[in-house]
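Hi,

Here is the structure I promised to pass on. Have a look at it first, and then read my notes below.

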Amino acid sequence: MRSLTNYVLNLDWNWMKLLEAPRYKRVSPISGELQKLIVTKQTAAVRPFAVAAILRNITFTQERYDSFIELQEKLHQNICRKRSLVAIGTHDLNTISGPFTYTAKPPGDIIFKPLNQTKEYTATQLMSLYKTDSHLRHYLHIIEDKPLYPIIYDSNGVVLSMPPIINGDHSKITLMTKNVFVECTATDLTKAKVVLDMMVTMFSEYCSQPFTVEEVEVVNADGTTCKYPELAYRKEILSSKFVNQKVGINESTENIAQLLTRMCLRSHATGVGDEIEVEIPPTRSDVIHACDIMEDAAMAYGFNNITRTTPQTYTIANQLPLNKLTELLRHDLAAAGFTEALNFALCSKEDIADKLGKKISETRAIHISNPKTAEFQVARTTLLPGLLKTIAANRKMPLPLKLFEISDVVLKDETKDVGARNSRHICAVYYNKSPGFEVIHGLLDRIMQLLTVKPAQEEGYHIQAADDCTFFPGRCAEIFVHGKSVGRLGVLHPHVINSFELTMPCSALEMNIETFLGHTAEIHLTHEVPMQEVMKHKFPTQVISPQAPTSSKTVFGDLSTPEALKALNTFLADKSYIEGFVASQADLTIFDVITSPPSSTLCHLLRWYNHIKSFHEKRADLPLVNKQFLLPDTPPTSTNTDSYVDLFGSEDEGDCAEAVKIKERQLAEYAAKKAKKPAVIAKSSILLDVKPWDDETDMAKMEECVRGVCMDGLLWGHSKLVPVGYGIKKLQIGCVVEDDKVGTGLLEEAITTFEEYVQSVDVAAFNKI
């Protein structure tokens with residue numbers, strides 16, 4: 001069965017080699033007179049765009065007809081966005097006569113017989129009729145609330161369609177239809193062109209002249225004319241190196257061009273390096289990036305034919321430095337008394353412009369082309385509006401309100417392939433009866449202290465007065481770090497306060513934290529606790545310069561022996577490099593000692609060896625090391641107690657027995673010292689509510705029973721009677737317990753044994769001591 005399948009696949013590929021991709025052409029009518037579609041200005045408020053084309057002398061079979069209708073429905077559901085962007089209408093051209101007029105009228109003025117109906121209806125009646133239709137009711141909302149409905153007439157006043165709802169019955173197509181008039185009305189002209197090209201190219205094969213489409217002239221409302229369909233071919237340039245690297249193959253430029261040609265993307269080598277010129281046909285509107293072309297090459301090559309390989313590099317997963325810095329700052333800002341908020345990344349134009357006293361054109365904001373609500377029109381360029389809206393929603397909370405957020409904003413950036421980039425910002429606000437600028441300024445100082453940035457003009461951070469319409473005049477400062485502006489802080493302008501419906505002054509701070517992810521910050525982030533104050537005493541480290549190896553003896557042993565290589569392989573099992581998280585001179589030192597590539601049985605060592613080998617041309621650029629990994633042939637005889645300690649040495653180096661004795665003595669001393677320390681006993685204070693059955697219960701007797709409960713680690717405290725209602729009182733009694741000995745469940749179980757007095761026991765309060 002498998003051999004038969006392979007035979008059929010090979011047959012298909014060979015057949016595709018013989019067949020060339022079709023060339024779609026737009027032709028003029030034989031009579032020489034173009035059909036016209038005239039668009040009036042009334043459509044501007046409903047669906048302003050329209051395109052059209054004609055499939056001349058087409059032959060339908062039942063299968064082709066069904067496929068034709070199904071294609072319309074598929075396009076309506078996906079690229080047409082359920083007819084909200086584009087609506088397709090197909091008509092029998094022999095039953096209508098041009099020129100055609102696309103206009104908009106009040107629904108009461110539109111009267112026609114819709115598809116598959118027996119009488120005429122007004123547009124208003126149709127809306128009521130189709131409210132119960134399982135198929136068409138989903139599209140009524142598109143124009144239902146519009147004062148004018150779009151409509152297409154022919155020269156005799158016959159209605160072709162009322163887009164995007166229904167076509168007219170007069171021009172419906174059948175199996176006998178020979179000439180099909182295809183029109184698309186839209187709110188997006190680009191989508192309309194794509195949909196029209198898709199419709200006519202898929203069925204132009206069945207015309208008397210295959211792959212030809214008759215053009216239609218569209219007269220726009222402004223008087224300009226265009227001919228459709230465009231059927232535009234475009235060309236893209238990419239390199240065979242790009243395809244080979246992304247797919248994981250090693251094919252020549254000519255072979256890759258042949259693979260793309262198989263996928264109906266006519267391609268050929270330009271002769272300039274490894275460039276390939278690819279022609280994109282009008283049927284491939286999905287090709288928008290070089291990656292799409294690369295994917296077609298991979299499919300033509302065959303995914304199953306791509307050789308499985310082991311990755312050239314071996315890395316250990318770690319948290320992204322920016323996210324790690326974000327998490328650490330979140331904890332410290334919470335410790336400073338600020339509460340974190342999380343807001344939407346989208347907001348309204350007013351939030352980032354008018355309410356902050358700025359113009360929308362100055363904000364570098366990314367606009368949403370089809371926003372669903374006025375609240376989500378643009379991507380936020382600042383975190384401040386979100387925090388101010390959060391405060392406005394929580395004005396009844398006790399003052400002061402101290403909020404912060406660390407998240408991304410989106411800014412325009414022409415250097416990026418998508419035209420925008422994310423930037424991680426930190427924003428904090430202080431809302432109280434007084435502005436509290438000193439609180440925000442103190443928070444800035446604390447953040448800089450955590451980031452180990454000293455207050456200095458050039459090598460640290462400083463603030464200087466600035467003017468910003470968002471802040472009160474004379475109460476705004478710009479933050480500079482290493483001479484670069486990273487943000488601003490100050491007291492918000494009263495206009496901003498009022499715009500967000502607030503009534504008290506507010507101070508704010510916002511800055512970009514990506515600036516702090518330089519080389520130093522990344523080194524800090526490789527440790528467990530990277531953000532702590534600088535120690536007063538720093539221990540100097542000896543920087544070892546790289547030198548040519550004169551010995552094969554290392555801290556792992558003699559690497560000329562299999563035992564030492566095996567030890568090194570074990571060491572690299574969970575590490576990418578000899579020292580740290582990047583390649584360094586330490587790796588090169590050990591690499592130079594190994595005279596030949598390791599065997600495949602030492603998989604971790606072989607992986608490391610191949611990776612370090614790739615740094616041969618950049619070995620001088622690798623950072624120096626802080627430890628000595630290469631040992632001299634003759635060990636030093638110095639008895640200096642401050643000499644280098646070999647942390648990676650094996651137990652057979654040096655005086656092993658003496659080292660073991662010292663280690664055992666130190667462990668014994670540590671255990672004895674630890675045993676003398678008194679154990680910390682965890683205690684809790686518990687307040688119990690003991691409820692009686694009724695008002696006749698003897699409360700004094702009930703308290704006596706409760707205090708009669710004795711346990712190791714339990715100490716009863718004060719008590720009182722608290723009214724519940726209807727003359728009934730409950731006993732509220734406190735106690736202190738040792739957590740390891742007494743639990744709340746054990747207490748409740750012991751007290752409820754006095755069923756004559758006690759109805760239930762609840763824990764009213766629980767606090768750790």
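Below is what turned up, starting with how to read it.

This is a predicted model, so local features need pLDDT of at least 70 and side-chain atom pairs count only at pLDDT 80 or more, while totals for chains, interfaces and linings use all residues. Residues are numbered from 1 along each chain as its sequence is written, and side-chain values use heavy atoms, with hydrogens and water left out.

Let's start with the cores. A nonpolar core here is a set of buried Ala, Val, Leu, Ile, Met, Phe, Trp, Tyr and Cys residues joined through side-chain atoms within 4.5 Å. Buried means under 20% relative accessible area, exposed means over 50%, and partly exposed is in between (1.4 Å probe, protein chains only). The largest core has 43 residues, and L55, F68, L75, I88, F181 and L196 touch the most other members. Among the elements that give it two or more residues are α2 (62-77), β4 (86-92) and α4 (189-203); α4 gives the most, with 7. Helices (H or I, at least four residues) and strands (E, at least two) are DSSP runs, numbered from the N terminus.

Contact means heavy atoms within 4.5 Å. There is also a second, separate core of 28 residues, including I406, L451, I479 and F516.

Now for a helix pair. How do α15 and α16 pack? Helix α15 (residues 585-593) and helix α16 (residues 603-613) meet at an angle of about 110°, with their axes 10 Å apart. Axes are lines fitted to C-alpha atoms, for helices over the stretch in contact, and angles run from 0 to 180 degrees between N-to-C directions. α15 and α16 are therefore roughly perpendicular to each other, a label for angles of 65 to 115 degrees (under 35 is roughly parallel, over 145 roughly antiparallel, the rest oblique). D587, L588, I590 and F591 of α15 make the contact with W608, Y609, I612 and K613 of α16. By class, that contact has 6 nonpolar, no polar and 2 charged residues, where Ala, Val, Leu, Ile, Met, Phe, Trp, Tyr, Cys and Pro count as nonpolar, Asp, Glu, Lys and Arg as charged, and the others, Gly among them, as polar.

Last stop: T224, in the loop between β12 and β13 (225-228). At 37% relative accessibility, T224 counts as partly exposed. Beyond its neighbours within four places in sequence, T224 is in contact with V218 and V219.

Cheers
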